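Subject: Structure handover

Hi,

Here is the structure I said I would pass on.

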Amino acid sequence: MKRLFYILVALLILLVVLLLASSARLYPVLKINNSFVWASDYYDRFSGFEYYRLMTSEPIDEKTAVRGLILSFIADSLVEDELLRRGADLREAEKRVKDALMAGGVENLEKAAASLYGWDIEEFKKFSLFPQAREDILTEVLQKDGIDFDEWLLREMAKADIKIYFLPHKWENGKLSEK
C-alpha cells in the first residue's frame, strides 16, 4: 500500500513539473546538432512576427513565416557553432551591436523595435541584431578562406543533424518540409 502511495505521489509530482514546464515553454522545439531551441525563444520570436504583420498589414502567409523562422534558428545555430569551432569570440557580436547602437542612438531603435515587433531592445538584440552580427563576423572569416557564406550555409544545413518537435514541419535529407 505504501509503495502505491509513493508511486502516485511521484506521478503527481511529474505531472506538475510537466505542466509547469509546458506553461513556461521550457521544452525544445528544435535540436540542431547538439543545440536546442526552446519553445519560449521560438514563440517570442514568432510573436514579434505576428506583431509586425499586424502593425504593417503585410500579407505574409503564416506557413511561409513559420518556415522562415525555423530556417533562421537553424542558420543562427550553425553560424554560432562554426564561430566557436574556429575559435572566434562570440562577444565580438555583442561588441559590434553595442558600438552600432552607441553610434546610431538607441532611442530610435527602441521605438522602432517596440512599434514594429512589440519587443523591447533586449529582445530585439537577441532575435535580430546578435544573429546578424554573428553572421557578418562569420562571413568575414569565411571570405578570408575564399568561401561564400551562402554556399557554406547550404552545405552545413545538408550535413546537420536537425530534429523538429511540436511544430508542423520535419527535416528530411537536409531540407525542411511540412508534416
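Predicted model: local features only at pLDDT ≥ 70, side-chain atom pairs only at ≥ 80, totals over all residues.

Below is what I found in it, from the overall fold down to single residues.

Numbering starts from 1 along each chain as its sequence is written, and side-chain values use heavy atoms, with hydrogens and water left out.

**Overall**

The protein has seven helices and five strands; here helices (H or I, at least four residues) and strands (E, at least two) are DSSP runs, numbered from the N terminus. In sequence order the pattern reads α-β-β-α-α-α-α-α-α-β-β-β. Of the 179 residues, 31% are buried (buried is under 20% relative accessible area, exposed over 50%, partly exposed in between, with a 1.4 Å probe and protein chains only). If you take contacts (heavy atoms within 4.5 Å) between residues at least 6 apart in sequence, 62% of them join residues at least 24 apart.

Ala-93, Val-97 and Leu-101 are its buried residues. They sit on the same side of α4, because they cover an arc of only 70° around the axis (the arc is that of the directions from the helix axis to the C-beta atoms). That buried set packs against α5 (106–117) and α6 (121–144). On the face turned away from the buried side you will find exposed Arg-91, Lys-98, Met-102 and Ala-103. Just past the end of α4, Gly-105 has a positive phi of about 85°.

One to look at from the α6 side is Lys-125, which is found in that helix. Is Lys-125 buried or exposed? With a relative accessible area of 17%, Lys-125 counts as buried. Apart from neighbours within four places in sequence, Lys-125 is in contact with Val-97, Leu-101, Phe-130 and Pro-131.

β4 (residues 169–172) and β5 (residues 175–178) pair antiparallel over four bridges (strands pair if DSSP finds at least two bridges between them). His-169 stands opposite Glu-178 in β5. The covered face of β4 has His-169 and Trp-171, and the uncovered one has Lys-170 and Glu-172. Two residues separate the strands of this hairpin, and Asn-173 in the turn has a positive phi of about 50°. Asn-173 is exposed, with a relative accessible area of 79%. Its C-alpha is 6.9 Å from that of Ala-158, 15 residues away in sequence.

**Largest pocket**

The largest pocket has a volume of about 460 Å³. On a 1 Å grid over the protein atoms alone, a pocket is an open set of points where a 1.4 Å probe fits, with protein on both sides within 12 Å along at least five of seven lines; lining residues have an atom within 4 Å of a point. Grid points are joined across faces, edges and corners, and the volume is the space filled by probe spheres set on the points. There are 22 lining residues, and the closest to the centre are Arg-45, Gly-68, Leu-69, Ser-72 and Phe-127. Helices α2 (39–56), α3 (62–85), α6 and α7 (149–159) each supply at least two lining residues, and α3 gives the most, with eight.

Cheers
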